Amino acid sequence: PDEQLDLDDGRWEDIHVVTGALKLFLRELPEPLIPFSHFDKFIAAIKIQDPSLRGRCIRDLVLSLPPAHHDTMKVLFRHLCRVVEHKEENRMSVQSVAIVFGPTLLRPASEEGNMAMHMVFQNQVVEHILNHYGYIFPD
């Protein structure tokens, strides 16, 4: 509903609370930020051996997302890139951010299949988008 949050409330000072709330929000969406219809396409793209072809495929897949998904991804990944820029202080490398957000942003419609293998590729997709943000989301 229309719940008003007081961000000056002390409980929001803990970055883990804020991050947890963001992850929970993203996980509770009826469909992930990368829609179910795109899951297999992103997994196939990240498996492409040729780096430039892989990069183009992932960029094109991101561009093919519905506008709300694409625009939200752009803002979220811009923020996550800023988090990674401060990895010396926050210990959040590209790999750490990918491990935290991969399964939340990108998941199959059904939980069958090899979840451990999926997770590796989910993380790799998020890692790729973080590492190539400027190419995927040119301003």
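A pocket here is an open set of points on a 1 Å grid over the protein atoms alone, with protein on both sides within 12 Å along at least five of seven lines, and its lining residues have an atom within 4 Å of a point. Its volume is the space filled by probe spheres set on the points, which are joined across faces, edges and corners. The model is predicted, so local features need pLDDT of at least 70 and side-chain atom pairs count only at pLDDT 80 or more, while totals for chains, interfaces and linings use all residues. Residues are numbered from 1 along each chain as its sequence is written, and side-chain values use heavy atoms, with hydrogens and water left out.

The largest pocket holds about 470 Å³ of space. It is lined by 15 residues, and those closest to its centre are Ile15, His16, Thr19, Val83 and Met92. Two or more lining residues come from each of helix 1 (15-28), helix 4 (67-85) and helix 6 (94-105), helices being DSSP runs of H or I with at least four residues, numbered from the N terminus. Helix 1 supplies the largest share, six residues. Sorted by class, the lining has nine nonpolar, four polar and two charged residues; nonpolar covers Ala, Val, Leu, Ile, Met, Phe, Trp, Tyr, Cys and Pro, charged covers Asp, Glu, Lys and Arg, and the others, Gly among them, are polar.

Next, helix 6. Its buried residues (under 20% relative accessible area, 1.4 Å probe, protein chains only) are Val94, Val97, Ala98, Phe101, Gly102, Thr104 and Leu105. They sit on the same side of helix 6 because they cover an arc of only 165° around the axis, taken from the directions from the helix axis to the C-beta atoms. These buried residues pack against helix 1, helix 4 and helix 7 (115-131).

Not counting residues up to four places away in sequence, Met73 touches Leu33, Ile34, Val62, Leu65, Ile129 and Phe137, contact meaning heavy atoms within 4.5 Å.

Histidine 38, in helix 2, counts as buried because its relative accessibility is 9%. Glutamate 28, in helix 1, is exposed (over 50%) at 60% relative accessible area. Its C-alpha atom is 9.1 Å from that of threonine 104, 76 residues apart along the chain.

How values were computed: 1 Å grid on protein atoms, 1.4 Å probe; cavity = no way out; pocket = protein on both sides within 12 Å on 5 of 7 lines; lining within 4 Å.
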